[in-house]
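User: I'd like to learn how to read a structure like this one. Could you walk me through a few features?

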Amino acid sequence: MNKQFSLNNSEPSSACERLTNKEKEFCRIYAETMDKRRAAYEAGYRLLPLKSALKLLEKRRVRDFLDSIENSRESFSGEVEAGFRRLAFGSTADAVKLLFAQNLTDEQIESLDLFNVSDIKKPKGGGIEIKFFDRQKALEALNELSSNKGDAALPFYKALEKGARENEEDED
């Protein structure tokens, strides 16, 4: 099991500065599993881990750190949902511009919104080939996110895995 919880490789909030490494580890594991005893035991509180967990959860700084972890998760979940919304409902107009445009400057290319584009190729025979992310899959992922608000990251990872598998199949 991965004992490291961090969405951006930084510790959430200033509450963490006042915690010991064992307390931080307890918080990370507890936030991931919601199992007090297991979190305490794996964090190094081997003698009476449940009692240790209950004492830890009484500490204000531990509760503050757990709150900041939850806020980080909610923020990440919101970003994931926004990304799927862009894939499902976003415009493809800039990709069409790219397809038919000639002699675009670097600045013009940089200004194009190609978020919905999954692949761009220049075939040997000339022209340009543009593939888009599947809107239907994005809608399905959004639906799954809305039905699993308690664990919003799981459908995202499943969708990533499924997309990677399908991308490998397309290349074969």
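This is a predicted model: local features need pLDDT of at least 70, side-chain atom pairs count only at pLDDT 80 or more; totals for chains, interfaces and linings use all residues.

User: Which residues of α3 and α4 make the contact?

Analyst: On the α3 side you have Leu-56, Leu-57 and Glu-58, and α4 brings Arg-60, Val-62, Arg-63 and Leu-66. Sorted by class, that contact has four nonpolar and three charged residues, with no polar ones.

User: Next, cores. How many residues does the largest nonpolar core have?

Analyst: The idea is to look for buried nonpolar residues joined through side-chain atoms within 4.5 Å. Here the largest such core has 17 residues. Those with the most contacts inside it are Phe-26, Cys-27, Tyr-30, Tyr-45, Val-62 and Leu-66. Helices α1, α2, α3 and α4 each give two or more residues to this core, and α1 gives the most, with five. Apart from it lies another core of eight residues, including Val-80, Leu-87, Ala-138 and Leu-142.

User: Let's take Cys-27. Is Cys-27 buried or exposed?

Analyst: Buried means under 20% relative accessible area, and Cys-27 has 0%, so Cys-27 is buried. You'll find Cys-27 in helix α1, residues 21-33. Leaving out residues up to four places away in sequence, Cys-27 touches Leu-19, Val-62, Phe-65, Leu-66 and Ile-69. Take Leu-66: the C-alpha atoms of Cys-27 and Leu-66 are separated by 6.0 Å, though the two are 39 residues apart along the chain.

User: And what does Leu-66 touch, not counting residues up to four places away in sequence?

Analyst: Leu-66 touches Cys-27, Tyr-30, Ala-31 and Leu-57.

User: What about backbone angles? Which phi does Met-34 have?

Analyst: As a rule, most residues other than glycine have a negative phi. Met-34 is not a glycine, yet has a positive phi of about 60°. Look for Met-34 in the loop between α1 and α2. With 54% relative accessibility, Met-34 counts as exposed.

User: Where does Leu-48 lie?

Analyst: Leu-48 lies in the loop between α2 and α3. Leu-48 has a positive phi of about 50°, although not a glycine. The cut-off for exposed is over 50%, and Leu-48 is exposed, with a relative accessible area of 52%.

Technical notes:
Residues are numbered from 1 along each chain as its sequence is written. Side-chain values use heavy atoms; hydrogens and water are left out. Contact means heavy atoms within 4.5 Å. Helices (H or I, at least four residues) and strands (E, at least two) are DSSP runs, numbered from the N terminus. Ala, Val, Leu, Ile, Met, Phe, Trp, Tyr, Cys and Pro count as nonpolar, Asp, Glu, Lys and Arg as charged, and the others, Gly among them, as polar. Buried means under 20% relative accessible area, exposed over 50%, partly exposed in between (1.4 Å probe, protein chains only).
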